[in-house]
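Visitor: I would like to learn how to read the features of a model like this one, step by step. Could we begin with the way helices pack?

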Amino acid sequence: MPRPAATIVVARPPPPHLEFLLLQRPMESRFAAGAYVFPGGVIEADDASPTWAGRLPPVGEATACVAALRELFEETGILPASTRPGDASGLAEARRALLADQTRFSRLAERLHFDFSSESIAYFARWITPTNLALRFDTRFFLLPVLDPLGPISLTAEHDRALWVTPDDALRGFTAGRLPMLFPTMKTIERLAGFASLEAALDGLGDVAVEPVLVKLRAGGL
């Protein structure tokens with residue numbers, strides 16, 4: 001059975017359209033070696049904690065949304081949550097404790113007063129890894145628009161590089177072989193390329209009915 005997972009497209013609006021964040025996985029990774037991916041990972045039991053009631057926007061698949069936000073924080077240090085004044089100074093140490101498995105995301109939410117409820121987040125896709133692969137995931141996709149400036153991306157050993165890129169540039173890089181990607185990543189970027197602005201992407205993806213898509217392999221590729 002595929003493992004439940006979640007990923008998040010972090011997008012920001014430089015003129016005239018939008019760009020988003022991709023992370024490159026190391027060549028020695030068991031899954032998607034060398035590929036450019038969105039931040040994300042496996043859904044954990046704590047992601048379903050009742051702590052998150054009232055702390056999220058009204059978005060489908062709330063547990064998966066928590067997982068996507070947690071993975072984003074773990075992998076990049078980005079945390080699009082409001083906190084109580086004075087709590088933000090403890091975020092770096094909180095991230096270290098989370099990565100070391102010394103605490104849980106829900107506990108940090110309670111202690112540091114995380115609140116994502118004012119964020120505009122869209123749940124817009126669900127992709128399932130092909131059945132003939134040994135390592136499989138059932139991944140929910142979310143869009144997170146970021147309007148405020150972000151600091152430097154702080155990566156862990158899970159990724160080698162962080163890249164902000166426009167949809168068109170990402171697709172050109174994929175075609176030229178410079179930006180290897182999994183099929184769902186590439187198809188998601190194709191969808192983003194169809195929107196003239198970040199606002200249009202949020203409006204367009206926020207209203208979609210999400211149905212799971214099973215990726216199928218055929219001779220010569222996907």
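**Reading the packing, rings and contacts**

Guide: Helix H4 (residues 167–175) and helix H5 (residues 183–193) pack at an angle of about 140°, with their axes 9 Å apart. Two packed helices are described by the angle between their axes and the distance between the axes. The axes are lines fitted to C-alpha atoms, for helices over the stretch in contact, and the angles run from 0 to 180 degrees between N-to-C directions. Helices (H or I, at least four residues) and strands (E, at least two) are DSSP runs, numbered from the N terminus.

Visitor: Before we go on, what kind of model is this, and how are the residues numbered?

Guide: It is a predicted model, in which local features need pLDDT of at least 70 and side-chain atom pairs count only at pLDDT 80 or more, while totals for chains, interfaces and linings use all residues. Residues are numbered from 1 along each chain as its sequence is written, and side-chain values use heavy atoms, with hydrogens and water left out.

Visitor: In which hand does H4 pass H5, and which residues meet?

Guide: The crossing of H4 with H5 is left-handed, a term for a near helix turned anticlockwise from the far one by less than a right angle, with clockwise giving right-handed. On the H4 side, Pro 167, Asp 168, Ala 170, Leu 171 and Phe 174 meet Met 186, Ile 189, Glu 190, Leu 192 and Ala 193 of H5, where contact means heavy atoms within 4.5 Å. By class, this contact of H4 with H5 has eight nonpolar, no polar and two charged residues; Ala, Val, Leu, Ile, Met, Phe, Trp, Tyr, Cys and Pro count as nonpolar, Asp, Glu, Lys and Arg as charged, and the others, Gly among them, as polar.

Visitor: How many aromatic pairs are there, and how is one of them read?

Guide: A pair of aromatic rings is described by the distance of the centres and the angle of the planes. Rings of Phe, Tyr and Trp (its six-membered ring) pair if their centres lie within 6.5 Å, and planes under 30 degrees apart count as stacked, over 60 as edge-to-face and the rest as tilted. By this rule the count comes to 13 aromatic pairs. In one of them, Phe 124 and Phe 141 are edge-to-face, at 6.3 Å centre to centre with 70° between the planes. This pair links distant parts of the chain, since Phe 124 is in strand S5 (residues 122–128) and Phe 141 in strand S6 (residues 137–145), 17 residues apart.

Visitor: Are Phe 124 and Phe 141 buried or exposed?

Guide: Buried means under 20% relative accessible area, exposed over 50%, and partly exposed in between (1.4 Å probe, protein chains only). Phe 124 has a relative accessible area of 3%, so it is buried, and Phe 141, with 5%, is buried as well.

Visitor: Which other arrangements involve rings?

Guide: Ring pairs link Trp 52, Phe 73, Phe 105, Phe 114 and Phe 116 into a cluster. Elsewhere, the charged end of Arg 12 sits over the ring of Trp 164, 3.9 Å from its centre; for this, NZ of Lys or CZ of Arg must be within 6 Å of the ring centre and within 35 degrees of the ring normal.

Visitor: Which residues other than glycine have a positive phi?

Guide: Most residues other than glycine have a negative phi, and most peptide bonds are trans. Among the residues with a positive value is Glu 61, whose phi is near 60°; Glu 61 is placed in the loop between strand S4 (40–42) and helix H1 (62–76) and is partly exposed at 31% relative accessibility. Asp 101 also has a positive phi near 60°, lies in the loop between helix H2 (91–99) and helix H3 (105–112), and is exposed with a relative accessible area of 54%.

Visitor: What does Ala 68 touch, leaving aside its neighbours within four places in sequence?

Guide: With those neighbours left aside, Ala 68 is in contact with Ala 6, Thr 7, Ile 8 and Phe 142. Ala 68 belongs to helix H1 and is buried at 0% relative accessibility.

Visitor: Where is Thr 139, and what does it contact?

Guide: Thr 139 is in strand S6 and counts as buried at 15% relative accessibility. Beyond its neighbours within four places in sequence, Thr 139 is in contact with Ala 5, Ala 6, Thr 7, Ala 125, Arg 126 and Trp 127.
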